[in-house]
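Thanks for coming. I will take one model today and go through it helix by helix. Here it is.

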Amino acid sequence: MHFLRNCLLVMAGGAVGSVLRYVCSILSLLWGVQAHWGTMIVNAIGSFLIGILAATLSEETWTLLLVVGLCGGFTTYSTFSMQTISLLQSGNISTALLYITVTICVCLLFTYLGWKCKY
């Protein structure tokens, strides 16, 4: 039952985060901001928010709802950023740099490969 409750918390937060991301995308287009800059703004806001929440929340329920769910639904980039900061803070600088490089390169490659699948 504990697992199901946790999944529901993540799902609820993720639903809100996804809707917020959509609203931000629509607002950025209405304000004349190009889509890629709107995405960057969402990623920056999500990264800032996950930093605050991860630093201040100690209860698992709120962490699952807000960090994993809300921030995860709003932008997975915030999770990537938080994991990178955790690696750096624990002194794993080379692992953090490798993680950054591999994540960006692999994600760009896989996006390209996925795009090429339509041809």
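In helix 2, the residues that count as buried, with under 20% relative accessible area (1.4 Å probe, protein chains only), are Gly-38, Val-42, Asn-43, Gly-46, Ile-50 and Leu-53. Seen down the axis of helix 2, these buried residues fall within an arc of 135°, so they line one face of the helix. The arc is taken over the directions from the helix axis to the C-beta atoms. On the face of helix 2 turned away from the buried side sit Phe-48, Ala-55 and Thr-56, which are exposed, a word kept for over 50% relative accessible area, with partly exposed for what lies in between.

Before I go on, this is a predicted model: local features need pLDDT of at least 70, side-chain atom pairs count only at pLDDT 80 or more, and totals for chains, interfaces and linings use all residues. Residues are numbered from 1 along each chain as its sequence is written, and side-chain values use heavy atoms, with hydrogens and water left out.

What covers the buried side of helix 2? The cover includes helix 1, helix 3 and helix 4. Contact here means heavy atoms within 4.5 Å. The 22 residues of helix 2 should span 32 Å at 1.5 Å a residue, and the end C-alpha atoms are 32 Å apart, so the two agree. The expected span is 1.5 Å times one less than the number of residues. Also in helix 2 is Thr-39, which is partly exposed at 45% relative accessibility.

Now the overall picture. The protein has 5 helices and 0 strands, giving the pattern α-α-α-α-α along the sequence. Helices (H or I, at least four residues) and strands (E, at least two) are DSSP runs, numbered from the N terminus. Along the principal axes, the C-alpha atoms fill a box of roughly 45 × 40 × 30 Å. Of the 119 residues, 22% are buried. The protein exposes about 8,200 Å², and carbon and sulfur atoms supply 75% of that; accessible areas come from the Shrake-Rupley method with a 1.4 Å probe, and for residues only the protein chains shown count as cover. Taking contacts between residues at least 6 apart in sequence, 63% join residues at least 24 apart.

Next, helix 1, which is residues 2-30. Its 29 residues should span 42 Å at 1.5 Å a residue, and the end C-alpha atoms are 42 Å apart, which agrees. Buried in helix 1 are Asn-6, Leu-9, Gly-13, Gly-14, Gly-17 and Ser-28, and the buried residues of helix 1 pack against helix 2 and helix 3. Just after helix 1, Gly-32 takes a positive phi of about 80°.

Which residues make the nonpolar surface patch of about 840 Å²? They are Val-19, Tyr-22, Val-23, Ile-26, Leu-27, Leu-29, Leu-30 and Trp-31. Patches are made of residues with over 30% relative accessible area and no salt bridge, where like charges are joined within 9 Å and nonpolar side chains (Val, Leu, Ile, Met, Phe, Trp, Tyr) within 5 Å. A salt bridge is a side-chain nitrogen of Lys or Arg within 4 Å of a carboxyl oxygen of Asp or Glu. Leu-27, one of the patch residues, is partly exposed, with a relative accessible area of 31%.

On to helix 3, where Thr-63 is found. Thr-63 is partly exposed at 26% relative accessible area. Leaving out residues up to four places away in sequence, Thr-63 touches Leu-57 and Val-68. From Thr-63 to Ile-50, 13 residues apart along the chain, the C-alpha separation is 9.8 Å.

Last, helix 4, residues 76-89. With 14 residues, helix 4 reaches 20 Å from its first C-alpha to its last, close to the 20 Å expected at 1.5 Å a residue. Ser-78, Phe-80, Ser-81 and Thr-84 are buried in helix 4. Down the axis of helix 4, the buried residues fall within an arc of 160°, so they line one face of the helix. Turned away from that buried side are the exposed residues Thr-76 and Gln-89. The cover over the buried residues of helix 4 includes helix 2 (35-56), helix 3 (60-74) and helix 5 (93-116). Ser-86 and Trp-62 are 24 residues apart in sequence, with 19 Å between their C-alpha atoms.
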